[in-house]
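Welcome! Take a moment to turn the model around, and then let us walk through its sheets, one of its helices and a few of its aromatic rings together.

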Amino acid sequence: MDVGFKTDKGAKRTNNEDAFFVMKNDGIYILADGVGGTNSGEIASRTAVNEVAQYFEDHPLRSTRAEDICKEMLMAIKKANARVYNMGVRYPSNKGMATTMVIACIRGKDVFIANIGDSRAYLYERGFLNQLTEDHTYVNALLKAGVITPEEAENHTDKNMITKAVGAEQEIAPDFFHIGLTEEACLMLCSDGLYGEVSDEDMARVIKEGYSMTETCDILVDMANQNGGHDNITVICINLTEDEIK
């Protein structure tokens, strides 16, 4: 397995409110993008990521059944949600803090994904990059309802307004996805600081070059910064070997 990852505060921000955790031996990959005033977003994302990672350390995944894996992912996210929500209620300085989150769990050639908010999972395969997750945003809701066009969504003033986030409410309802990987495929998790600056076509072009996953992440982050770097940028890229997908 070839795994690469990189995070950067971007060209315009003074701090990094993104967080991630790679548990390569366990096949767990976690990425979050915090929201909130002062440094609350940074606290929210790091807290949520640490809670999920700790959950899987305490409850190692042993089952290969999809329902069992998704149940454990949900339990991990609920644990993170409770911690972030309670911190926001308890400490006035953290009021309103929350974070997006996307988690990938790889079991052989099967990938299970959970997401809440607008951090994304993509699959690159046969020259094409496809978004696997669905953004939990106000603009995406308008787009799905046919109120606005894709072109209008691209430049909408509220394009970054999320409708679901870890810690925003007491109850949480992430989306779940299950896909299969091939040897040629690349799984990518990223925050909006990447896809907001680099088009799907350009991201696919970089992955197609066949660089190592570390080099791929470096190039993608550099491109995002060159295109403006208006937000924090985090990306995780994963490629399986032929033996791992059998």
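This is a predicted model: local features need pLDDT of at least 70, side-chain atom pairs count only at pLDDT 80 or more; totals for chains, interfaces and linings use all residues.

Two strands are said to pair if DSSP finds at least two bridges between them. Residues are numbered from 1 along each chain as its sequence is written, and side-chain values use heavy atoms, with hydrogens and water left out.

Let us begin with the sheet that holds strand 2. Five strands make up this open sheet, in the order 2-3-4-5-8, and their pairing is antiparallel. Strand 2 (18-23) and strand 8 (175-180) are at the edges; each has a single partner strand, so one side of each has no neighbour in the sheet. From one strand to the next, the twist averages 10° (axes are lines fitted to C-alpha atoms, for helices over the stretch in contact, and angles between N-to-C directions run from 0 to 180 degrees). Strand 2 and strand 3 (residues 28-35) run antiparallel and are joined by six bridges. To find one such place, look for M23, which stands opposite I28 in strand 3.

Another open sheet also has five strands, here in the order 1-10-9-6-7, again with antiparallel pairing. Its edge strands are strand 1 (2-8) and strand 7, each of which pairs on one side only. The twist in this sheet averages 15° from one strand to the next. Seven bridges join strand 1 to strand 10 (residues 233-239), and the two run antiparallel. Within strand 10, T234 is the bridge partner of T7. Helix 6 packs on this sheet, where it touches strand 6, strand 7 and strand 9, and its direction makes about 55° with that of strand 6 (contact means heavy atoms within 4.5 Å).

Now for helix 6 itself. Which residues of helix 6 are buried? In this helix, residues 200-208, they are M203, A204, V206 and I207 (buried means under 20% relative accessible area, exposed over 50% and partly exposed in between, with a 1.4 Å probe and protein chains only). Because these residues cover an arc of only 160° around the axis, they lie on the same side of helix 6; the arc is that of the directions from the helix axis to the C-beta atoms. E201 and K208, on the other side of helix 6, are exposed. Besides the strands, the buried residues pack against helix 5 (192-195) and helix 7 (213-226). After helix 6 comes G210, with a positive phi near 80°.

Finally, the rings. Two aromatic pairs turn up in a search of the whole structure (rings of Phe, Tyr and Trp, the last by its six-membered ring, pair if their centres lie within 6.5 Å; planes under 30 degrees apart count as stacked, over 60 as edge-to-face and the rest as tilted). The ring centres of F5 and F20 are 5.4 Å apart and the planes are at 45°, so this pair is tilted. It links distant parts of the chain, with F5 in strand 1 and F20 in strand 2, 15 residues apart. For Y55 and F56, the ring centres are 5.8 Å apart and the planes are at 85°, so the pair is edge-to-face. Both Y55 and F56 are buried.

Definitions and conventions
Helices (H or I, at least four residues) and strands (E, at least two) are DSSP runs, numbered from the N terminus.
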